[in-house]
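Here is a short briefing on the fold, the cores and the surface. Have the sequence and the model open as you read.

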Amino acid sequence: MAVGVACDFGTALSEGGAGAGPALEGALDRAQLGDRAAFAELYEALAGDVERLCARLFGSRPDAEDARNEVFLRAQSSFPRYDRQRPFRRWLLAVAAHHCIDQLRRRRVEGRLFDAASLDEEALADAAPGPLRATLEAEERRRLLAELDALPDAHRVSLALRYFAELSYAEIGEVLGVSPAQVGTLIFRAKARLRGRFAEGGRS
Amino acid sequence: MSCVPESTWSVYVDGELPPQRVREVEGHLVGCERCRRVVLALRAETHLLADVLRERPTTHREPLVDGDARGLLTGMPVALAALGLVTAVVGVILETRLPTGADWLAPQRLFGVNEMLFDLFFAVRDRAPGWVEFGAAVAVTASAAALVTFVAGALLRRVSGPLALGLVAALVWPWASPAQAALRMVDQPEVRVAEGETFEGTLVASADEVRIAGVLDGSAVVFAERLSIDGEVRGNVLAFVREIDLTGRVTGSLLAGTENLRLEGEVGGETIVGVDRMTLTSDGRIGGDLAAFGETVVVEGEVGRDLLGLVQRLELRGGVARDVEVYADDVSVLGSARVGRDLRTHVEDADAVEVSADARVGGTSETLLVEHGHEGWAAHFGRPGFYLFVVVQVVAAFLVGLGLYALFPRMFAQTLPDGRRFFAALGLGFAAVLLVPVALVLVGLTIVGLPAAILGLALFLASLYVAGIRVAALIGTALLPPADAGLRAFGLALLVGLAVLAVGTHLPFVGGVVRVVVVLLGLGLLVRHAQEAWRRRPAAHA
C-alpha cells in the first residue's frame with residue numbers, strides 16, 4: 001500500500017532529544033544544569049543548520065552570518081524555557097525562525113504578508129502543474145533553489161520551516177502568527193507557485 | 001466517494017492531518033489509483049525540497065557586489081575638475097610670496113594655528129567649567145566601548161562564543177586594572193604644589209594656573225593657561241598649556257602642545273613639543289631627544305641626544321650631543337654651537353642656512369635642498385623601479401582586498417548608482433578626514449584615552465589605505481560584474497579595478513588629484529558601510 005512509503009527524512013536528527021548521538025545528549029544534560037560551555041557546544045553542532053535556515057529565510061542574502069551570532073544569544077537567553085520533550089534541533093531552529101521573521105518584518109513593510117487575512121484572499125492555484133520530480137539534474141536543482149529564494153517571503157519561509165527546519169504546522173503557525181490550518185494552505189500554495197515558476201523557467 | 005483534493009494530500013503527506021481525517025482519506029486511498037500516485041509524487045517532491053534546501057547556501061549566493069557605479073561616471077569628472085582647480089589655486093598661493101598682511105592665507109604657515117586652538121579651548125573651558133574634561137572623558141569611554149564592541153562583534157561572527165568572550169575580557173582587563181586608582185583629578189582655578197610639599201601619584205590638573213614648586217612624585221597631566229615647574233616632577237609631563245615655564249626638573253619626558261615654552265631647568269627624558277616659540281636657555285638641559293614642531297626654536301642649552309626640528313626658524317647656540325636634523329625655512333648655527341655628530345639641514349634655499357665658522361660639528365655638515373619637482377614630471381616613467389613599485393603596490397592591495405572580502409564581504413556591497421550618491425560619499429569621506437584626527441587628538445589629550453587614540457589613529461590610517469581598495473573594487477565590479485559571490489569572481493574584478501586605479505593615480509598632472517578623490521570617496525563608502533552595519537547591529541534579545 002502506498003501509505004507504507006514512509007516519509008522519514010531527517011528523523012535521525014529530529015527525533016528524541018538532541019537526537020544527534022550520546023555526546024550531544026550529554027551536552028544537553030549539562031546545558032540544562034546551567035553549563036554555558038555545554039550550551040555553546042550544542043549550538044556549535046547545529047550552527048551550520050541555523051545559518052542555512054537563516055539564509056533560506058532571508059532568501060540567501062548574506063545576512064545569514066550575522067544571524068548565526070544573534071540567534072545564539074537569543075537561544076541562550078530562552079534556553080531555560082526549553083522543554084526536553086521537544087527535539088533540540090527543532091526548538092533551536094524555531095528560535096532562529098522567530099529571529100529571522102522579526103528581522104524580515106522589521107526590514108519590510110510587508111509585515112502584513114503573514115497576516116491571516118491575506119492568506120485567505122488569494123485563490124488556490126488550481127492550474128499549477130503536478131508535483132516536482134524527485135530527481136533533478138544538478139543544473140535544475142540550482143535553478144529550483146534560485147526559484148525558492150525568489151518566492152514571496154511568506155511562501156519561502158513556510159517551505160523552509162517545514163522542509164528544512166522540519167517544524168510542525170503548529171510551530172510554524174506560532175512563528176508566523178497564523179493558525180495551523182492556514183499554514184497547510186500556505187505550504188500547499190507555496191509548492192504550487194514554486195512548480196509553476198520552475199516549469200516556466202524550464203520552458204524559456 | 002469523490003477524490004480528495006491535492007491540498008488535503010499535501011497536509012496528509014506532511015503528517016498534519018487530524019487522526020479521524022487520516023482514517024477517512026486512507027480509506028479512499030486504498031481504492032483510488034490516481035490519489036495514490038498523487039501522494040507518492042507529493043512525497044517525492046517533499047524529499048526533493050528537503051534535499052535542495054539542505055544544500056549549502058554559499059554556492060548559490062547572488063553576487064554581493066552588483067557593480068553599479070554609474071555615479072562614478074557623472075561624479076568623477078566634476079570632482080576631479082573642482083579639486084584640480086583648488087589644487088592649482090593653493091599651489092599658486094604656496095609659490096607666491098604673499099604680502100605680510102595676507103601671510104596667514106598660506107596653508108603651510110603654522111602661524112596663529114596654535115593660538116587659535118588655545119583660544120578655542122580656553123574659551124570653551126571658561127564658559128562651561130568642567131565640560132571640556134567631561135567631554136574628553138565621554139569621548140574616551142565611547143571610543144573604548146565602540147572599539148571593544150567592534151572587536152567583539154567581528155570576533156563573535158568568526159569565533160566560537162566562549163573564546164570570543166575570553167578575548168574581549170583579555171582586551172578589556174588592562175583598561176580596568178587598578179593602576180588607574182592612583183589618578184587624581186584636580187579642577188580649580190589654581191593648582192599648586194607648594195614648596196616643601198610632596199604630591200604622590202599622577203596629578204591630572206585642569207586649571208588657569210598650575211604651579212609645581214614642591215615635589216610631584218608621579219606624572220603630571222595639565223591643561224592650563226600657565227604651567228610653571230620650579231620644583232621637581234618625578235615622572236612625565238603631558239601638557240596642553242599656553243605658557244610653560246620650566247626652571248625646575250622633570251625626570252621623565254615632556255610632551256607638550258604650547259604657545260610658549262621656556263626651558264631653563266632640566267628634562268631627563270625626551271622632549272616632544274608642538275610650539276610657537278621655544279627657548280632652551282643656556283642653563284637648560286634635555287637628557288634625551290628634542291623633537292620640536294612649530295615656528296621658532298632657540299637652543300642655547302644642552303640636548304643629550306638628537307635634535308629633530310620641523311620649524312620655520314631654528315637658532316642653535318648650544319650643544320647637541322648627537323645628530324641635528326632639521327627641516328626649516330631658516331637655520332642659524334652660531335659660533336657657540338656644538339654638534340656631536342652630523343648636522344643636516346633641509347631647506348628650500350641654500351642661503352637660508354647660516355653656519356658660523358666657529359661652530360663645532362663632530363661629523364659632517366650638509367645642507368640638502370628640498371626639491372619641488374625639478375626633475376620633470378615624466379622622469380619616473382623612465383625608471384624600471386617605478387613599474388616594479390606599482391606592481392608590488394597592486395599585488396599588496398589585491399591580497400589585502402581579498403582578505404577583507406573573505407572577512408567582511410558586505411563591506412563591498414555599497415554601490416554608486418548616481419552622481420548624488422557619489423558626492424554624498426565624497427562629502428562623507430571629506431568630513432571623516434577632517435573630523436577623525438580632531439576627535440583622536442581630543443581623545444588623546446586625556447592620558448587614559450591615549451591608547452584608544454593611538455589605536456584609532458592606526459585604524460584611521462588603515463582605512464585610508466583600504467579606501468583605495470574599496471574604490472578599486474567598485475570600479476572592477478562595474479567593469480567586470482562577478483558571476484557569483486565567490487572569492488575568485490570578486491578577485492578578478494578587484495584586480496581589474498586595481499589596474500585601472502594604478503594607471504589613473506599615476507597619470508601625470510591629474511594623478512595626485514585622482515588619488516585624493518579616490519581616498520575620500522572610498523572613505524565615504526566605508527563610513528556609509530559602518531553606518532549601515534551599526535544600524536543592523538543585533539537588536540535587544542528576546
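Buried means under 20% relative accessible area, exposed over 50%, and partly exposed in between, with a 1.4 Å probe and protein chains only. This is a predicted model: local features need pLDDT of at least 70, side-chain atom pairs count only at pLDDT 80 or more, and totals for chains, interfaces and linings use all residues. Residues are numbered from 1 along each chain as its sequence is written, chains are lettered from A and ligands numbered from 1 in the order in which they are written, and side-chain values use heavy atoms, with hydrogens and water left out.

**Chain B overall**
- Chain B has twelve helices and 24 strands; these are DSSP runs (helices H or I, at least four residues; strands E, at least two), numbered from the N terminus.
- Of its 542 residues, 42% count as buried.
- The accessible surface of chain B is about 27300 Å², and 64% of that belongs to carbon and sulfur atoms. Areas come from the Shrake-Rupley method with a 1.4 Å probe; for residues, only the protein chains shown count as cover.

**Helix α8 of chain B**
- Helix α8(B) covers residues 384–407 and has 24 residues.
- It reaches 35 Å from first C-alpha to last, close to the 34 Å expected at 1.5 Å a residue. The expected span is 1.5 Å times one less than the number of residues.
- Buried residues of α8(B) include Phe386(B), Val390(B), Phe398(B) and Tyr405(B).
- Their cover includes α10 (450–479) and α11 (487–505) of chain B.

**Nonpolar cores**
- A nonpolar core is a set of buried Ala, Val, Leu, Ile, Met, Phe, Trp, Tyr and Cys residues joined through side-chain atoms within 4.5 Å.
- The largest has 76 residues; among those with the most contacts inside it are Leu161(A) and Trp9(B).
- A second, separate core of 52 residues includes Leu203(B) and Ala292(B).

**Asp14(B)**
- Asp14(B) sits in the loop between α1 (6–13) and α2 (19–31) of chain B.
- Asp14(B) counts as buried because its relative accessibility is 5%.
- Not counting residues up to four places away in sequence, Asp14(B) touches Arg162(A), Tyr163(A), Tyr169(A) and Ile187(A). Contact means heavy atoms within 4.5 Å.

**Phe293(B) and the surface**
- Phe293(B) belongs to strand β14 (residues 290–299) of chain B.
- Its relative accessible area is 35%, so Phe293(B) is partly exposed.
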